[in-house]
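Good morning, and thank you for coming. Please keep the model in view as I speak.

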Amino acid sequence: MKVLYVASEALPFMASGGLGDVAGSLPQALRKRLIGCRVVMPMYDGIKQELKDKML
């Protein structure tokens with residue numbers, strides 16, 4: 001199974017509430033169960049450059 005997780009925020013990139021926590025931890029938990037998971041979120045200006053470099 002492959003999962004595409006789309007969210008407006010995800011830790012460690014950007015978070016302002018509980019959604020960022022879930023969007024950051026749920027994909028990791030799915031991968032531990034050998035489920036392919038990708039996260040898609042907006043490329044906000046506030047994301048640190050070092051994290052942006054890892055995304056591409």
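**From one bridge to the whole chain**

Val6 has Val40, in strand E2, as its bridge partner. Before I continue, please note that this is a predicted model, in which local features need pLDDT of at least 70 and side-chain atom pairs count only at pLDDT 80 or more, while totals for chains, interfaces and linings use all residues. Residues are numbered from 1 along each chain as its sequence is written, and side-chain values use heavy atoms, with hydrogens and water left out.

Strand E1 covers residues 2–6 and strand E2 residues 36–40; the two pair in the parallel sense over 5 bridges. Strands are said to pair if DSSP finds at least two bridges between them. Helices (H or I, at least four residues) and strands (E, at least two) are DSSP runs, numbered from the N terminus. Between E1 and E2 the chain passes through helix H1, residues 18–32, and this β-α-β crossover is right-handed. That term applies if, with the strands pointing away from the viewer, the path from the first strand over the helix to the second runs clockwise.

How many helices and strands does the protein have? There are 2 helices and 2 strands, and along the sequence they follow the pattern β-α-β-α. The radius of gyration, taken over C-alpha atoms, is 11 Å, close to the 10 Å that the globule rule gives for 56 residues, so the protein is as compact as a globular protein of that length. The globule rule is 2.2 Å times the number of residues to the power 0.38.

Buried residues make up 27% of the 56 residues. Here, buried means under 20% relative accessible area, exposed over 50%, and partly exposed in between, with a 1.4 Å probe and protein chains only.

Is Leu4 buried or exposed? Leu4, which is found in strand E1, is exposed, with a relative accessible area of 57%.

Two loops deserve attention. In the loop between E1 and H1 we find Pro12, and the peptide bond from Leu11 to Pro12 is cis, with omega near 5°. In the loop between H1 and E2 lies Leu34, whose phi is near 60°, a positive value in a residue other than glycine. Leu34 counts as exposed, at 78% relative accessibility. For context, most residues other than glycine have a negative phi, and most peptide bonds are trans.

Thank you for your attention.
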